[in-house]
Every structure is written in C-alpha cells, then in structure tokens.
Amino acid sequence: MKYTEEHEWLRVEGDSVVVGITEHAAEQLGDVVFVELPEVEAVVAKGDEVCVIESVKAASDILAPVDGEITEVNDALTDNPGLVNEDPQGDAWFFKMKLDDLAVLDDLMTEDEYKEFLG
Amino acid sequence: MPENLRLTPLYDLHVALGAKMVPFAGYSMPVQYPMGVMGEHTHTRSHAGLFDVSHMGQVILRGPSGALALERLVPVDVAGLAEGRQRYAMFTNDKGGILDDLMVANRGDHLFLVVNAACKAADLAHLRAHLPELEVREITDRALLALQGPGAEAVLNALVPGVAAMRFMDVATFDWQGHALWISRSGYTGEDGYEISVPDTQAEPLARALLDQPDVAPIGLGARDSLRLEAGLCLYGHDIDEHTSPVMAGLSWAIQKARRAGGAREGGFPGADRVLQELADGPLARRVGLRPEGRAPMREGTVLWDAAEGGRNIGAVTSGGFGPSIGAPIAMGYVPATSAEPGTRLWGEVRGKRLPVMICDLPFRTSTYKR
C-alpha cells in the first residue's frame, strides 16, 4: 500500500491501482453522507479533483494521486456513503486507475512514512 | 488553541470526554465527541443528549414595568407573559431587521433573557442604551446546560423531582443539592427537553450526574446544528440577521395579537412600520424549507435558480446540510414570496451544476414538545 500527503491510499492490482482514503482522513471528515465519483474512462492528471466527498461537516475533494485513466468506480459508495467511515481502507475504495507507468508510485509514501507524516 | 478564547465551566469535562474543541463565538466549544455528529444526533432523537450552551448570554432585567419597557425593543407581547412562562422574541432594528433572537422568561420579580453568544455584548449595550430605567445584569457566574430528547423528562426528574410536571415553555426554580437551578422546558432541537441554568461551580457535578444516567450522551455543536435544522429553527447570523424581518423569516407566530395592528399595544418597537406592513401585505421574500432531490447537500450560500438553464438567480440557501433523521439533505433559504409555494421546484447551484431542489413545509421533522 502507498500513501499520499492528501491522505489517500493506493493498492497495486496488475497495471492498475485501487484508490481510497485513509482511516485518518475518514475520521477527520466525520460521517460521510455524499460521494460523487468520476466518470469511467476519464483521463485524469495528478492533482485533478476527481471525487467529491461530503460529510455532515463539510465538502472536500479527492484528487487524482497520479496520472492515469479511471477504469472502474465503486458505485456502492453512492448508495451507502457511510461505508467510507465503516471500512475506509477496504470495501470503501473509490476508484481504480490504469497507470502508464507504475514507477510513479515510488514517489509516494510507504505505510511507515505515512505514519511518520501523521506524526 | 487560539489565544483569548473563553472557556465554559465544562471545558475540562469536554476534554476529558474526548471532545474535539473548536472556536465558536469567542469560546472554545465541543463540536463533537467520539460518538460523532451522526451518532450524537440520532442519540438525542432516541434517548437524551446533554449540551453545554454556557456560551450563551444570560441576562436579568429588573425594574418597574420591566415587561412594558422590554416591549419597546421586541415585537412580542411581554406584558401578557404569565409568571413562570417563557416566550421566543427578537430584538428588531429601525428597519425591521433582527439584531438577535432570544428567550424571555417571566420569573416574577424580574425577566430572564437568554441571548446568542455572538450577540451578547451588543445586546447588553442595546438594553442599557434603550432601557435606562431598568437594571440590566449579565449573569456571569452560571453555566447553561440543555438536556434534550425523549429520555430527558425521566432523566432530569430522577435528579430534580418535579420537572416532569412542567409544560413546554414553563420556567421554574428547583433545588439540586442545595443549589438553585433555573429550569425551562425548552430547547433548540425540536425535542422535548430542558434548559438548565446552574451555578458555575455546580455545572460539572450536575453534568456528570446527568451523564451517569445510561440514556444520556454528551452532544456537540455539530449535532446541535443538524437537530435545529431538522426542526426548522433559525440560526442567528445565517437564517436571520439585521436585514431579514421576523415576517420574512416566518416568525410572525412570535408576534402576538397585542402588538399587531388593532392590538392593545400595537407597534411601538423598532421597525414596527415595516413589520406591521409586512404582516398586512405579506413580505417580498420568505424563508422556506428546501429538499434537494439528489443526495448532494446544499450548504449555506448555495445560489437558487428558477430554471435548470438560464432563468434567474432568485435566492440562496442560508443553512443546509444532511438531516440524519430525514436520511437526506435538507436546507433552508430565502426566495421571493411569489416563488415560495411548497412543491415549487428550484435549482441549487452546487459545484457549477444546477441540481433540482423542492420547496417544502417547515419543519422537516415534527417537533415533540410537551405542550
């Protein structure tokens, strides 16, 4: 698992990655009540706002962690946004992306580095 | 923690309970506890929630004809308020806008006011400037707790026998372990419940005694906001302010007959011209309930359009979010009176997209006061 400073996790599956938000992020957001997912086949660049996530408190964006193409989205979140709080690092993945070059993941944090980042 | 934030007598308890503290109206206040906003909201609706509202202003007005004097500042029948009863009121300005909303209680030889935290300094100055014949005393040695929800009556009555006999908007003094509690049967959640003014030295012991009851959980400002929104209650500075009149805001019910045209004490408050004219002819704009048709919340500031494309910007959301007991997003806002009919479809602009939203009756959830 790799982590970003925006509190996303990425898990490699073949030439794709599965993307979600960390437990820390889910806890900070509070109860999630709305998730807007990207279009499948959308080509996105690192830093693009690809998802909207709203909690009882506020709206925030999920940014594309790397360049790539969205290949699949987790529709279960649309019907049950609370899944993000229940299982943020498991069932509540947001989308899958196909990457041109998996080597870009080397720039991201490992779990230990992320824990250190959280302090 | 930012400097100069004031602390309520329950600050240490909030921290001990694991609250997330945020600055609010100059105070460090709990926005949520580990249970979370959603859990705290539903707990209050099903059991009982304990709120620290000690940041709010508590004021005693004393003097001959105090009720009649206060009527010079509010469009409310204060003189007709029976002893032991409380009423909702608002200070109006010369243009008929609202300077603050408040509770007024007749406690026999004085009036007891509870005002908003952010407005209390201005309210005190306003009272002193306009009612020089009265003693205006801010109560600074008392905390204010609210216990709300269907379990509140049994819980509080076990500690303070007799409160179960109170009706909605009754006020009375009770003894608790030798200390005077000023209790009203009222609140800001749409639930039955009580607001309890307690000497600040006794605030934590009382709060702990309440929290020891299995039905009671501590509730933060986050759930307080979603609870009041579902109940269709206004938040000062958001749903009402110095530009909105009580009639626009749908608060005409708080203006009793005695203060209306033809009443025994017609007008005589700041902005009475506008308020009485709006009572007669209707206001230009009205506060309405809004139900987004999708799942995306429409938050404060969301612009309202009268068409999916083109059309006019006809209003804005003043409070909005998710209603945990509704299971859907809910909001309130202002629209022209001509477009305010429940069932009217509008479009709220969320992240550049216009999403359909239906005007609906308020409140979103029927209140359960013990009348």
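I count two strands as paired if DSSP finds at least two bridges between them. I kept this in mind for the first entry, and I note that the model is predicted.

**Entry 1: strands of chain A**

I looked up strand β5 (residues 43-44) of chain A and found it joined to strand β8 (residues 68-73) of chain A by 2 bridges. The two strands run antiparallel. Within this pair, A:Val43 has A:Glu69 of β8(A) as its bridge partner.

I then followed β8(A) to strand β9 (residues 95-98) of chain A, where 4 bridges join the two, again antiparallel. Here A:Ile70 stands opposite A:Met97 of β9(A).

**Entry 2: the lysine in the record**

I checked UniProt for chain A, and an unreviewed entry lists A:Lys57 under "modified residue: N6-lipoyllysine". I located A:Lys57 in the loop between β6 (49-55) and β7 (59-63) of chain A.

Is A:Lys57 buried or exposed? I have A:Lys57 down as buried, because 20 other C-beta atoms lie within 10 Å, and 20 or more is what the cut-off asks for.

I also listed what A:Lys57 touches, leaving aside neighbours within four places in sequence: A:Gly30, B:Val37 and B:Gly222.

**Entry 3: helix α2 of chain B**

I looked at helix α2 (residues 37-46) of chain B and found 7 of its 10 residues buried, so the helix is largely enclosed by the rest of the structure.

**Entry 4: chain B as a whole**

I put the secondary structure of chain B at 8 helices and 19 strands. Its radius of gyration is 21 Å, close to the 21 Å that the globule rule gives for 371 residues, so chain B is as compact as a globular protein of that length. The C-alpha trace spans about 65 × 50 × 40 Å along its principal axes.

Of the 371 residues of chain B, 48% count as buried. I also looked at contacts in chain B between residues at least 6 apart in sequence, and 66% of them join residues at least 24 apart.

**Entry 5: the barrel of chain B**

I traced a closed barrel of 6 strands in chain B, with the order β14-β17-β16-β15-β18-β19 and antiparallel pairing. Neighbouring strands of this sheet are turned by 45 degrees against each other on average, direction ignored.

I checked the pairing of β14 (residues 285-292) with β19 (residues 353-360) of chain B, which is antiparallel over 4 bridges. B:Arg291 stands opposite B:Met358 of β19(B) in this pair. Helix α7(B) packs on the sheet and touches β16 (313-323) and β17 (328-336) of chain B. The direction of α7(B) makes about 120 degrees with that of β16(B).

I picked B:Val288, which lies in strand β14 of chain B. B:Val288 counts as buried because it has 25 C-beta neighbours inside 10 Å. Leaving aside neighbours within four places in sequence, B:Val288 is in contact with B:Met332, B:Gly333, B:Val335, B:Ala340 and B:Ile359. I also took the separation of B:Val288 and B:Asp170, which is 118 residues in sequence and 29 Å in space, C-alpha to C-alpha.

**Entry 6: a glycine in a loop**

I found B:Gly84 in the loop between α3 (66-70) and β5 (86-92) of chain B. B:Gly84 is partly exposed, with 17 other C-beta atoms within 10 Å. Which residues does B:Gly84 contact, leaving aside its neighbours within four places in sequence? I listed B:Asn106, B:Asp170, B:Val171 and B:Ala172.

**Entry 7: backbone details**

I noted a cis peptide bond from B:Leu362 to B:Pro363, with omega near -5 degrees. B:Pro363 is in the segment after β19 of chain B.

I also looked up residues other than glycine with a positive phi, including A:His7, where phi is near 65 degrees. A:His7 is in the loop between β1 (2-3) and β2 (8-13) of chain A, and it is buried, with 21 other C-beta atoms within 10 Å.

For B:Ser65, phi is near 55 degrees. B:Ser65 lies in the loop between β4 (57-62) and α3 of chain B. B:Ser65 counts as exposed, with 11 C-beta neighbours inside 10 Å.

Note on methods: Residues numbered from 1 in each chain as written. Chains lettered and ligands numbered in written order. Predicted model: local features only at pLDDT ≥ 70, side-chain atom pairs only at ≥ 80, totals over all residues. UniProt positions renumbered as here; feature names shortened; annotations may be inferred. Buried ≥ 20, exposed ≤ 12 C-beta atoms within 10 Å, placed from the backbone. Contact = placed C-beta atoms within 7 Å. Rg over C-alpha atoms; globule rule 2.2 N^0.38 Å. Axes fitted to C-alpha atoms, helices over the stretch in contact; angles between N-to-C directions.
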